[in-house]
Structures are given as C-alpha cells and as structure tokens.
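Visitor: I have a model to go through. Can we take it step by step?

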Amino acid sequence: MRIVLFGPPGSGKGTQAARLIARHGIAHLSTGDMLRAAVAAGTPVGLRAKAIMDRGDLVPDEVVIGVIADRIEEEDARNGFVLDGFPRTVGQAEALATLLAERGIAIDAVIALEVDEAALLGRVEKRARETVAAGGAVRADDNPETLKRRLAAFREQSAPVADYYRRQELLSAIDGMREMDAVTAEIDRIVAEAKANAEARADG
Ligand code: ADP
C-alpha cells in the first residue's frame, strides 16, 4: 500500500499515519520528521531548512524531493509507505509521480483530512501543552504566529495538490473534525477499498 495523507497543520496526519503503519506494516515517511532530524543532526539539508521551518514557510521543493527520493529507496519502504506532509506543492506531486513511475509503482490512495481552520489553532496549542506535560520540547514552529504562516502556506501552495489528485481520481476527502477513532475507521475503509482495487488490477 502506498498512501498519501494530506491535510493542513494540526489536522491529525501524524496520529493517523502512526495507526496506518502499525496496521499495515508499512513505513511512515514524514518530511516534517525527516527535516527536523536533519536540523538536529546539522546536515546540509538541515542547515538549509532550519530558518525556513522556524518561520513557518515551505522548504524548497528540490530539497524535500531529494529527501523523499532517498527515503523511498530504503528497505523498509519497499513494502509500502504512508507519505505524511508530502507532497505539499503541485511541483512535489509531479516529482513524486515521476519518481514512482521510474520504479514502476504508484500511489493507491490520497486521503485528505478536512478540518475547520479555526479549530486548528486550538489543536496545535493542545499539542504544545501535552508535549510540555510529557517532559518534551515544544516544536519551534508550534506557536500561534508561525501557525498562521503555516496555514497560509497550506492554503496557497498545498490546497492545489488536492485538486491535482482529485483530477486523477485518487482523492478521498474525509471529515477530520470527527473524533480520532471515527477518522481512523474511515481511513481503514478507504484503504481497504484501494487495496481491493489494486488487487483487481493485478488479477485483470
Ligand atoms: P505540520 O503538518 O504540522 O505543519 P510538518 O511536521 O509536516 O508539520 O512540517 C513542519 C515544517 O516542515 C513545515 O512547516 C515546512 O517548513 C517543512 N516541511 C515539511 N514537509 C514539507 C514539504 N513537503 N515541503 C516543504 N516543506 C516541508
């Protein structure tokens, strides 16, 4: 299974991705996590990305595309993956299509979590509080000012990605405002359907 989880910051992609990988034994490919790891390790990618991420802007396409191209080559991604936070621009979506076509593989489903923007701020604040309570460090970009920029980036640069996949009939949009388990159940249903379709194609 190769799945794209799509949605604005705070829409629950990370939570749902964790559940998907546990259930299907596939790799979790989060560009946000990969970039934060690069920042922490001080790699050239991290050095390039840090200030951009702290501002809440998008890291340049060629940087994230390079990160993803390397990552999908790794052994644990052979069996399938959930892309979380990628693609975030139409340019990234097109590059992904090329990368996958070169390897003779394809995306099975794109699942878009639709949420009310006003609720997102509350969710991100909650995440910050929970992180502190658990003794962790709050993400540098989890504050109201930066979140506004991240939401603007989503609206302007990422929203067209949903249209791109809708045209390819790969998009399933779901209500991300429902409680977590209900969202998970809906995702499971979409993934089961995509799996059945993929198997039917393989047989036919
Ligand atoms: P969220 O979905 O909560 O905004 P992520 O962890 O997915 O958080 O991303 C954090 C930051 O990492 C983004 O605001 C952006 O700066 C950078 N980033 C992550 N993925 C991408 C991407 N595909 N393209 C460009 N920048 C990205």
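Guide: One term to begin with: buried means under 20% relative accessible area, exposed over 50%, and partly exposed in between, with a 1.4 Å probe and protein chains only. By that rule Glu169 is exposed, because its relative accessible area is 73%.

Visitor: Where does Glu169 sit, and what is its phi?

Guide: Glu169 lies in the loop between α7 and β5. Its phi is positive, about 55°, although Glu169 is not a glycine.

Visitor: What kind of model is this, and how are things counted?

Guide: It is a predicted model: local features need pLDDT of at least 70, side-chain atom pairs count only at pLDDT 80 or more, and totals for chains, interfaces and linings use all residues. Residues are numbered from 1 along each chain as its sequence is written, and side-chain values use heavy atoms, with hydrogens and water left out.

Visitor: How many helices and strands?

Guide: The protein has 8 helices and 5 strands. Helices (H or I, at least four residues) and strands (E, at least two) are DSSP runs, numbered from the N terminus. The order from the N terminus is β-α-β-α-α-α-β-α-β-α-α-β-α.

Visitor: What about overall dimensions?

Guide: The C-alpha trace spans about 50 × 40 × 30 Å along its principal axes. The radius of gyration is 17 Å, which agrees with the value near 17 Å for a compact globule of 204 residues. That radius is taken over C-alpha atoms, and the globule rule is 2.2 Å times the number of residues to the power 0.38.

Visitor: What share of residues is buried?

Guide: Of the 204 residues, 44% count as buried. The protein exposes about 10,300 Å², and carbon and sulfur atoms supply 52% of that area. Accessible areas come from the Shrake-Rupley method with a 1.4 Å probe; for residues, only the protein chains shown count as cover.

Visitor: Give me a case. Which residues does Arg123 contact?

Guide: Setting aside neighbours within four places in sequence, Arg123 is in contact with Gly10, Ser11, Gly12, Val115, Gly176 and Met177. Arg123 and Gly10 are 113 residues apart in sequence and 6.1 Å apart in space, C-alpha to C-alpha. Arg123 is in helix α6, residues 117-133, and counts as partly exposed at 29% relative accessibility.

Visitor: Is Ile174 buried or exposed?

Guide: Ile174 counts as buried because its relative accessibility is 4%. Ile174 belongs to strand β5, residues 171-175. Not counting residues up to four places away in sequence, Ile174 touches Ile111, Ala112, Leu113, Glu114, Val183, Glu186, Ile187 and Ile190. From Ile174 to Glu186 the C-alpha distance is 7.5 Å, at 12 residues apart in sequence.

Visitor: What about Ile105? Buried or partly exposed?

Guide: Ile105 is partly exposed, at 24%. Ile105 lies in the loop between α5 and β4 (109-114). Outside four places in sequence, Ile105 is in contact with Arg2 and Leu100.

Visitor: Change of topic. What does the Ser158 side chain reach?

Guide: A polar atom of the Ser158 side chain lies 2.7 Å from the backbone oxygen of Arg88. A polar contact is a pair of N or O atoms within 3.5 Å; within protein, one must be able to donate a hydrogen and the other to accept it, and residues adjacent in sequence count only if both atoms are side-chain atoms. Ser158 lies in helix α7, residues 144-167, and is buried, with a relative accessible area of 1%.

Visitor: And Ser30?

Guide: The side chain of Ser30 reaches the backbone nitrogen of Asp33 at 3.0 Å. Ser30 is in strand β2, residues 27-30, and is buried at 5% relative accessible area.

Visitor: Last one: which peptide bond is cis?

Guide: The bond from Phe86 to Pro87 is cis, with omega near -5°. Pro87 is in the loop between β3 (81-84) and α5 (90-102).

Note on methods: Contact means heavy atoms within 4.5 Å.
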